[in-house]
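Dear colleague,

Please find below the sequence and structure that I am handing over to you. My notes on what was found follow directly after.

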Amino acid sequence: MEYLKKTFRWFGPSFGVSLSDIKQIGVTGIVAACQEVPLGEVWSKETIASLKNEITSHGLEWSVVESVNVHTAIKYGLPERDTYIENYIQTLKNLAENGIYDVCYNFMQLIDWTRTDLDYQLPNGASALRYDPIAAAAFDLFILKREDAKDSYEPAVFDKANAYFEGLCGEQRKKLEEAILAGMPGSRKLIALEDFKRNHATVLEISKDQLQANLSYFLNAVIPEAEKIGVRMACHPDDPPFSIFGVPRIVSNYEEIKFLLNCCPSSSNGLTFCSGSLGASAANDLVKIVEDFGDKIHFIHLRNVARSADGSFYEADHLGGSVPIEKVMKAIINEQQQRQKKGEGVVAIPMRPDHGHVLLDDKKRQADFYSGYSLIGRVMGLAQLAGLERGIRENMS
């Protein structure tokens, strides 16, 4: 029985972690993207081959693309979306010609993920990413200044957000703004607040049903072409998995995942199972999601979150927190066994440790990393997850 394929995300030569570093930690696969190509443009075969050659020259495999980002014209259903869909399909064809068949993407609005603190100090001296709904409300009300935002919050929440914001000094307010506007993995460049406001105003005019229809339109154009060339598309869940700043979520729970997979049934239309994103909501039964949609899981992100009753969470130790990671891992291994028995699907599903604490020598080069992507913190997570996987397998045999 094959183990999960251990992979590690790498953001290129300018990132604070080198391929030489990664080669030492026991992974076989790299998760990467042609990040220098502007959003919506075709990734040429030459650009893909150049990055692949750099990875393979270190004795590693380019296992998963994360991400071929979806242009906002597609997400918002704008007239020019068909042009960007054609470009997307051509990129998939060029990836397949280079022997790369697993593609992670997301359909999140505004930004890829949202946290209110990128350097939350833990009792042991390490730091983590954290989301605080009161801080997020303060950003919405007093920095973003969304029209009618006050009506979105219970009076008690508004009062807490107001008191929280009033208690921040100018530097702390700037830090909150920067934390939220930094939600684009693979870039140290903040989203400009005015650009954020403009995009936000656009998406607020689009209903959840229309956003889902736009997702369906995209998938029904792309998935048949992906299936022809053997590419497996894996949609990443929304992070966090609940509405923020008045914007609906469309890939955040069981029913929305069901819609995603059913709107264009195909072996190429699948899911990136992210235990941290989905686990930020206590309403999500992660084991059931693996059990019911396991044959459509093409890629796995494993991490943990510690949830609080007030709706806040921080990214915990990979084996700690609120996600029942042992049960999740067992469900994943059961899915692998089903694939092995049926002779269908990829048994060695690519998995990467998602995010990691900043600890030890990571602190000395924290400025070189993208938020969440420290080296030692993720290596510790990988070691914990690999040990958990082996222990469960030994216990099941």
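Leu110 is buried, at 17% relative accessible area. In this predicted model, Leu110 has a phi near 70°, a positive value in a residue that is not glycine. Leu110 sits in the loop that runs between strand S4 (102–106) and strand S5 (117–121). Most residues other than glycine have a negative phi, and most peptide bonds are trans.

Leu110 also takes part in the lining of the largest cavity, together with Gln109, Ile111, Thr114, Ile244, Phe245, Val247 and Arg249. By class, this lining consists of five nonpolar, two polar and one charged residues. The volume of the largest cavity is about 60 Å³, and the structure has three cavities of 30 Å³ or more.

A positive phi, of about 65°, is found in Asp148 as well, which is not a glycine either. Asp148 belongs to the loop between H5 and helix H6 (155–166).

With regard to nonpolar packing, the largest nonpolar core holds 111 residues, of which Phe218 and Met233 touch the most other members. The greatest contribution to this core comes from helix H5 (residues 133–144), which supplies nine residues. There is also a second, separate core of five residues, including Val31, Val64, Cys104 and Phe299.

How many disulfides does a search of the whole structure find? The count is zero. A disulfide is a covalent bond between the sulfur atoms of two cysteines, and the cut-off applied here is 2.5 Å between the sulfur atoms. For Cys34, the closest cysteine sulfur is that of Cys104, and because the two are 15 Å apart, they are too far from each other for a bond. Cys34 is buried, at 2% relative accessibility. The sulfur of Cys264 has its closest cysteine sulfur in Cys263, at 6.1 Å, and this distance is likewise too far for a bond. Cys264 is buried too, with a relative accessible area of 6%.

Yours sincerely

How values were computed
Residues are numbered from 1 along each chain as its sequence is written. This is a predicted model: local features need pLDDT of at least 70, side-chain atom pairs count only at pLDDT 80 or more; totals for chains, interfaces and linings use all residues. Side-chain values use heavy atoms; hydrogens and water are left out. Buried means under 20% relative accessible area, exposed over 50%, partly exposed in between (1.4 Å probe, protein chains only). A nonpolar core is a set of buried Ala, Val, Leu, Ile, Met, Phe, Trp, Tyr and Cys residues joined through side-chain atoms within 4.5 Å. Helices (H or I, at least four residues) and strands (E, at least two) are DSSP runs, numbered from the N terminus. On a 1 Å grid over the protein atoms alone, a cavity is a set of points where a 1.4 Å probe fits but cannot get out, and a pocket is an open set with protein on both sides within 12 Å along at least five of seven lines; lining residues have an atom within 4 Å of a point. Grid points are joined across faces, edges and corners, and a volume is the space filled by probe spheres set on the points. Ala, Val, Leu, Ile, Met, Phe, Trp, Tyr, Cys and Pro count as nonpolar, Asp, Glu, Lys and Arg as charged, and the others, Gly among them, as polar.
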